[in-house]
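Please keep the sequence and the structure in view while reading.

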Amino acid sequence: MTAKASYELRAAGEATWTVVVEGFDPLTERGVEAVLAVANGYFGVRAALEEGGPSSNPLVIVAGVYVPTTSPARQTLLTLADPAIMNLTINGQPLHKSSVHTTKHLRELDLRRGVSRRAWTFVDREGRSWRWESLRAASATRPECYLYQLRLALEQGDAPVEVALTFPRGVVLMSESRDPQTELVTARDAQTPDLPKVASLAQAARADVEGGSISALVEPGKPLLMSSASPILGVDSGGENGECDFASLLAEHERAWEERWEVADFGVAGNPGLQQAARFAAYHMLSAAAVNEGLSSIGPRNLSGTAYHGHVFWDTEIFVLPFLALTWPEAARSCLIYRHRTLDAARRRARSYGYEGAFFAWESTDTGEERTPDHVVLPNGPAVRILNGEQENHISADIPYAVVQYWRATGDDAFMLRYGAEVLLECARFWCSRVSPAAQSCYSIRKVIGPDEYHEGVDNNAYTNAMARWTLEEAESYVAELRRSDPEGAKALLRRLGVKPEELREWGQVADSMCRSSFLEDEVVEQFDGFSDLQEMDVVAFRQARVPLDIAVGHEAVQRMRVVKQADVLMALRLLPELWSEASARRNMAYYEPLTTHTSSLSPPIHALLAAWLRDGPLCQKYLEQTVEIDLGNSFLGAASGIHVAALGGLWQALVFGLGGLKFSDRRLEFDPFLPLSVQGLSFTVLWRQRRVDVRVSDEGILDVKVDGPPCEVRVNREWRVIKPGRRESFRFDPAVTYWSAREVGNGADD
Ligand code: BGC
């Protein structure tokens with residue numbers, strides 16, 4: 001579905017399509033490298049200066065390929081040397097920022113084209129003026145292909161000057177050929193002799209085959225131009241005889257990005273900062289994803305940095321997947337197939353703990369075995385055992401939740417039968433075996449860590465229990481529905497997984513009597529048994545200090561404090577709003593928001609989303625700003641070890657689900673929009689069950705919907721319509737009407 005949107009409210013202006021960094025600051029350089037990184041789901045390249053330097057961390061990071069490490073994490077994503085890092089000499093003098101006088105240094109990430117550029121003008125020691133322009137891209141059309149181009153022009157100077165480039169160790173040029181017509185030299189890389197490292201050098205260039213360098217005589221009007229299309233990991237690019245023409249490779253890459261933006265672009269009227277941040281978020285999520293039948297998935301820092309060693313967490317399913325499911329479903333499907341591919345490891349793991357079904361790894365790599373480090377050495381000294389691998393069990397509900405969300409968004413029954421159902425049913429089995437009977441004749445889940453990782457070994461974490469219950473119910477109702485719609489398919493599935501009728505009944509019974517999994521009472525939901533007895537503390541003071549509390553006060557002390565690292569009970573509100581009443585939602589938001597330190601980047605966007613649902617404009621605005629700041633604020637300092645892809649997914653969700661008020665099921669789309677004062681309008685597109693749906697929300701209380709594809713049932717506040725294909729319809733909305741109040745009038749919102 002790539003049809004062009006026929007009407008627009010995309011905020012104008014190139015500024016919102018770029019992230020620009022002027023000058024150079026060694027202190028923030030590593031953050032800049034990550035923020036301006038390019039990636040294509042297969043590999044990513046940090047935007048390091050080509051001449052390197054002590055503040056640089058140049059890397060090519062390869063998705064899905066994990067190698068052993070001596071750190072407690074045991075496995076880390078494979079990183080390679082960036083082929084664009086080179087030693088460059090001008091007239092024999094090494095070029096460094098310190099060896100020349102810089103007149104301008106500018107870098108920009110071109111979000112629209114998926115390209116990172118650098119423009120640098122400088123005067124060398126002999127007084128000649130130069131202009132450097134370089135470009136990096138991770139080809140969006142050829143997974144292995146890294147595009148790099150350098151143009152170095154002598155702007156002022158009277159004689160030809162020799163410029164020489166030497167590539168890092170391991171990239172040795174083994175042959176060259178010269179085309180007399182174009183004066184281009186093509187040099188090949190010795191490591192992958194069958195494939196070109198097409199270094200095309202304009203002008204009187206020559207390649208020094210032995211020394212691994214390329215040199216050229218540069219004079220005014222005759223710049224050096226080097227274009228290279230390097231195969232990362234030596235995968236065949238499919239180009240004719242392995243040869244690639246740089247210009248056409250770049251053009252096809254840019255076209256592919258243009259097509260992606262046809263669906264993924266997002267308009268925020270009246271707020272250029274938020275507009276830019278929304279595009280930045282979509283850019284990094286689009287860069288993160290690959291359609292590769294589950295060969296790899298997405299780590300918390302995408303391919304822009306090595307934090308968390310590229311392990312895969314719930315960040316992917318709960319934070320990034322909604323964006324992918326609704327704008328690039330093939331990529332969402334691929335991420336979920338990755339989880340299916342790791343099912344056997346999850347099954348083995350469940351057995352090893354004495355459970356049944358699938359116990360997914362909290363930190364997963366290529367095989368799905370648990371890769372959470374077993375200890376960490378804190379900056380202030382002691383080594384602390386990490387229990388998340390054993391206890392952060394909610395991952396086995398987060399994954400099936402994402403499976404079902406994807407299925408509802410796409411109607412991809414074939415995926416469900418082949419992959420999704422198995423994940424869902426095996427997770428239901430896990431939870432059924434994970435619970436233990438408790439005194440009040442309800443089922444408990446003991447010794448877990450909820451999303452709030454400050455508290456370990458707790459009983460009855462409300463989020464975990466609610467999500468476990470949801471998994472059990474959903475598995476049971478999926479089977480019931482399949483039996484109706486496809487009795488043969490249902491039989492085959494149950495036979496394949498060995499699911500007996502009594503097992504299905506048991507899932508229903510356990511779900512019905514799960515402790516702490518209902519939120520309808522107008523009271524504060526206790527985050528886990530005993531949370532309300534914990535010691536009070538001044539959370540606001542800690543928020544300002546911005547230091548993780550377990551480091552500030554110590555790991556043991558934080559366990560005793562009534563404080564929350566990130567949305568936890570509120571995460572259950574975000575994912576399962578239908579289980580809540582509005583009064584209860586308000587009460588719990590009012591209670592938990594002030595207790596939360598937000599020392600995880602996952603937290604602020606969820607609070608922004610919930611503040612929008614609860615019509616608190618200033619709070620929503622505050623958390624939107626805080627979310628944007630995570631990577632783009634503070635001179636990018638926070639992104640030094642990689643951008644935070646979950647927060648970016650969270651930002652998209654805060655805008656689409658929060659401000660846009662979108663909810664989707666397999667039957668209809670529902671909208672209860674609310675715009676904070678700083679936003680005058682929103683426009684976005686979602687792909688929903690073979691339809692392209694363009695949505696526009698204005699601060700004058702109008703919501704427009706246009707549907708391409710089959711008729712679509714839409715609810716806006718209390719009004720229902722079926723929108724015909726190709727039609728654009730306008731609804732009036734009242735921002736005071738919430739999702740909950742719209743349902744109260746018995747308008748059939750319940751399925
Ligand atoms: C958060 C987790 C998250 C992980 C990776 C942790 O700090 O608490 O929820 O999955 O970072 O982003």
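## An arginine in a loop

Where does Arg74 lie? Arg74 is placed in the loop between β4 (60-68) and β5 (75-80); strands (E, at least two residues) and helices (H or I, at least four residues) are DSSP runs, numbered from the N terminus. The model is predicted, so local features need pLDDT of at least 70 and side-chain atom pairs count only at pLDDT 80 or more, while totals for chains, interfaces and linings use all residues. Residues are numbered from 1 along each chain as its sequence is written, and side-chain values use heavy atoms, with hydrogens and water left out.

Arg74 is partly exposed because its relative accessible area is 38%. In this report, buried means under 20% relative accessible area, exposed means over 50%, and partly exposed lies in between (1.4 Å probe, protein chains only). Arg74 and Arg371 are 297 residues apart along the chain, yet their C-alpha atoms are separated by 6.9 Å.

## Aromatic rings

A pair of aromatic rings is described by the distance of the centres and the angle of the planes. The structure holds 31 aromatic pairs. Rings of Phe, Tyr and Trp (its six-membered ring) pair if their centres lie within 6.5 Å; planes under 30 degrees apart count as stacked, over 60 as edge-to-face and the rest as tilted. The pair of Trp314 and Tyr463 is edge-to-face, because the planes stand at 70°, with the centres 6.1 Å apart. This pair links distant parts of the chain: Trp314 belongs to helix α4 (residues 314-327) and Tyr463 to helix α10 (residues 462-485), 149 residues apart. Trp314 counts as buried at 3% relative accessibility, and Tyr463 is buried at 0%.

Phe528 and Phe531 also form an edge-to-face pair, 5.3 Å centre to centre with 80° between the planes. Both of these phenylalanines are buried. Elsewhere, ring pairs join Tyr308, Phe313, Trp314, Phe319, Trp362 and Tyr463 into a cluster.

## Surroundings of the ligand

Which residues surround the ligand? They are Pro300, Tyr308, Phe313, Trp314, Asp315, Trp362, Glu453, Lys565, Gln566, Ser600 and Leu602, where a residue is counted if one of its heavy atoms lies within 4 Å. By class, this shell has six nonpolar, two polar and three charged residues. Ala, Val, Leu, Ile, Met, Phe, Trp, Tyr, Cys and Pro count as nonpolar, Asp, Glu, Lys and Arg as charged, and the others, Gly among them, as polar.

A polar contact is a pair of N or O atoms within 3.5 Å; within protein, one must be able to donate a hydrogen and the other to accept it, and residues adjacent in sequence count only if both atoms are side-chain atoms. Oxygen atoms of the ligand lie 3.0 Å from an N or O atom in the side chain of Tyr308, 2.9 Å from a polar side-chain atom of Trp314 and 2.9 Å from an N or O atom in the side chain of Lys565. The protein covers 92% of the 310 Å² of accessible area that the ligand has on its own, as computed by the Shrake-Rupley method with a 1.4 Å probe; for residues, only the protein chains shown count as cover.

## Two helices

Arg339 is found in helix α5 (residues 329-341) and is buried, with a relative accessible area of 1%. Its side chain reaches the backbone oxygen of Phe313 at 3.3 Å.

In helix α18 (residues 603-613), eleven of the eleven residues are buried, including His607 and Trp613. Just after α18, Arg615 takes a positive phi of about 65°.
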